[in-house]
Amino acid sequence: MDIVFVEGLQIETVIGIYDWEREIRQRVVLDLELGTDIKHAAQTEEIDNTLNYKAVCDRLIEFVQESEFLLVETMAEEIASLLMREFSVSWLTLKLAKPDAIPAASAVGVKIERGERS
């Protein structure tokens, strides 16, 4: 299995359980590892033969900006489902961080792995 990755994708969204969090937009940061096979793309040099990380990022920006989740756990699960469904990703890891949530910490959040790694 090959891995296409995205590090530090920053998106503004409504996220949080507190009333004040429902009234503002906060930054979340995504790190992704997406299992795929790049051999055919490498042989043909055709973007249609690979997992297009620009298309992935554009879709995630659109999805997260429009969302209003209470928990980072829910957001992470929904992002994983979207990637597996819309981009035919069979395996992924996702780190979802809220860097501004706890002033004494550089970031808090969740890291999940979904699917079968082959």
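**Charged pairs and the sheet**

I looked up Glu-77 and found it partly exposed, at 32% relative accessibility. My scale: buried is under 20% relative accessible area, exposed is over 50%, and partly exposed is in between (1.4 Å probe, protein chains only).

I noted the ground rules. This is a predicted model, where local features need pLDDT of at least 70, side-chain atom pairs count only at pLDDT 80 or more, and totals for chains, interfaces and linings use all residues. Residues are numbered from 1 along each chain as its sequence is written, and side-chain values use heavy atoms, with hydrogens and water left out.

**Entry: salt bridges**

I searched for salt bridges (a side-chain nitrogen of Lys or Arg within 4 Å of a carboxyl oxygen of Asp or Glu). I got 8 salt bridges.

Which residue forms a salt bridge with Glu-77? I found Arg-114, with the closest N and O atoms 2.4 Å apart. Arg-114 sits in strand β5 and Glu-77 in helix α3 (residues 72-86), so this pair ties together parts 37 residues apart in sequence. Helices (H or I, at least four residues) and strands (E, at least two) are DSSP runs, numbered from the N terminus. Arg-114 is partly exposed, with a relative accessible area of 27%.

Next I checked Asp-100. Asp-100 forms a salt bridge with Arg-27, and their closest N and O atoms are 3.1 Å apart. Asp-100 lies in the loop between β4 (91-98) and β5 (108-115), and Arg-27 in strand β2 (residues 26-36), so the pair ties together parts 73 residues apart in sequence. Asp-100 is exposed at 51%. Arg-27 is partly exposed at 25%.

Then I took Arg-85 and Glu-86. Their closest N and O atoms are 3.9 Å apart, and they form a salt bridge. Arg-85 is exposed, with a relative accessible area of 56%. Glu-86 is partly exposed at 37%. I also saw a network of salt bridges linking Arg-59, Glu-62, Arg-85 and Glu-86.

**Entry: the sheet**

In what order do the strands of the open sheet run? I read β3-β1-β2-β4-β5, 5 strands with mixed pairing. Strands pair if DSSP finds at least two bridges between them. β3 (68-69) and β5 stand at the edges, each with a single partner strand, so one side of each has no neighbour in the sheet.

I followed β4 and β5. They pair in the antiparallel sense over 8 bridges. Ala-97 has Gly-109 in β5 as its bridge partner.
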